[in-house]
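Subject: Structure handover

Dear colleague,

Here is the structure I promised to pass on to you, with the sequence alongside. Once you have it open, please read on for what was found in it.

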Amino acid sequence: MCDQAMKELPPGVRPHVPRRPLWLCRACADVWPCPTARLKLKAVYGDDRAGLCVLLCGLLYEAIEDLHRLNPRTGPSPQGLFDRLVGWAAPRSHVD
Ligand SMILES: [Zn+2]
C-alpha cells in the first residue's frame, strides 16, 4: 500500500520510497521517511492516523531487522527508530 501510494507520480519523478536495507530515500537520499515521504503519506492517509501507524509499525519491524543485520553492534536505538518511523505520525494525546 505504501509503495503504491508513493509511486503515483508523473513519469521521470523518482518516488520518495525507502532504499533497503539502508532505509535511505531513493529520491533524495535523506533518512526515510524523508519530509516529502511524510507529507505524501499524510496526504494519502488523511485522518486515518491509526491506519498510517499500522503501516509504519510494520515498516519499523522491517527496518529494525535490516539495520541491525547491517550493524549488529552499533545499530540505531529502538527509541530512535520508533521516533523516526512511527512517532512523527502518532496521534497526539490531549491534556485538559
Ligand atoms: Zn525523499
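Among contacts between residues at least 6 apart in sequence, 42% join residues at least 24 apart. Please bear in mind throughout that this is a predicted model, and that the mean pLDDT of the protein is 87, with 82% of the residues reaching 70 or more.

The protein has 96 residues, of which 16% count as buried.

The packing of two helices comes next. Helix 3, which covers residues 49-70, packs with helix 4, which covers residues 78-85, at an angle of about 140 degrees, and their axes are 10 Å apart. Angles over 145 degrees would count as roughly antiparallel, so helix 3 and helix 4 are oblique to each other. The crossing of these two helices is right-handed. On the side of helix 3, the residues that take part are L56, L59, L60, A63 and I64, and they meet L81, F82 and L85 in helix 4. Sorted by class, this contact of helix 3 with helix 4 consists of 8 nonpolar residues, with no polar and no charged ones.

Two further residues of helix 3 deserve a look, L52 and A50, and both can be followed to A90. L52 lies in helix 3 and counts as buried because it has 22 C-beta neighbours inside 10 Å, where 20 or more are needed. Apart from its neighbours within four places in sequence, L52 is in contact with L41, Y45 and A89. Between L52 and A90 there are 8.5 Å in space, C-alpha to C-alpha, although the two are 38 residues apart in sequence. A50, also found in helix 3, is exposed, because 12 other C-beta atoms lie within 10 Å and a residue with 12 or fewer is placed in that class. The C-alpha atoms of A50 and A90 are separated by 7.8 Å, while the residues themselves are 40 apart along the chain.

The peptide bond from R20 to P21 is cis, with omega near 10 degrees, and P21 lies in the loop between strand 1, residues 18-19, and strand 2. That loop is also the place of W23, which is not a glycine and yet has a positive phi of about 60 degrees. W23 counts as buried, because 21 C-beta neighbours lie inside 10 Å.

Further along, the loop between strand 2 and helix 2, the latter being residues 35-45, holds P33, and the peptide bond that leads from W32 to P33 is cis, with omega near 5 degrees. A29 has its place in the loop between strand 2 and helix 2, and it has a positive phi of about 65 degrees although it is not a glycine. Is A29 buried or exposed? With 11 C-beta neighbours inside 10 Å, A29 counts as exposed.

Lastly, P35 lies in helix 2 and is exposed, with 12 other C-beta atoms within 10 Å. P35 and H16 are 19 residues apart along the chain, and their C-alpha atoms are separated by 9.2 Å.

Note on methods: Residues are numbered from 1 along each chain as its sequence is written. This is a predicted model: local features need pLDDT of at least 70, side-chain atom pairs count only at pLDDT 80 or more; totals for chains, interfaces and linings use all residues. pLDDT is the predictor's confidence in each residue, from 0 to 100. Axes are lines fitted to C-alpha atoms, for helices over the stretch in contact, and angles run from 0 to 180 degrees between N-to-C directions. Helices (H or I, at least four residues) and strands (E, at least two) are DSSP runs, numbered from the N terminus. Angles under 35 degrees count as roughly parallel, over 145 as roughly antiparallel, 65 to 115 as roughly perpendicular and the rest as oblique. A crossing is left-handed if the near helix is turned anticlockwise from the far one by less than a right angle, and right-handed if clockwise. Two residues are in contact if their C-beta atoms, placed from the backbone, lie within 7 Å. Ala, Val, Leu, Ile, Met, Phe, Trp, Tyr, Cys and Pro count as nonpolar, Asp, Glu, Lys and Arg as charged, and the others, Gly among them, as polar.
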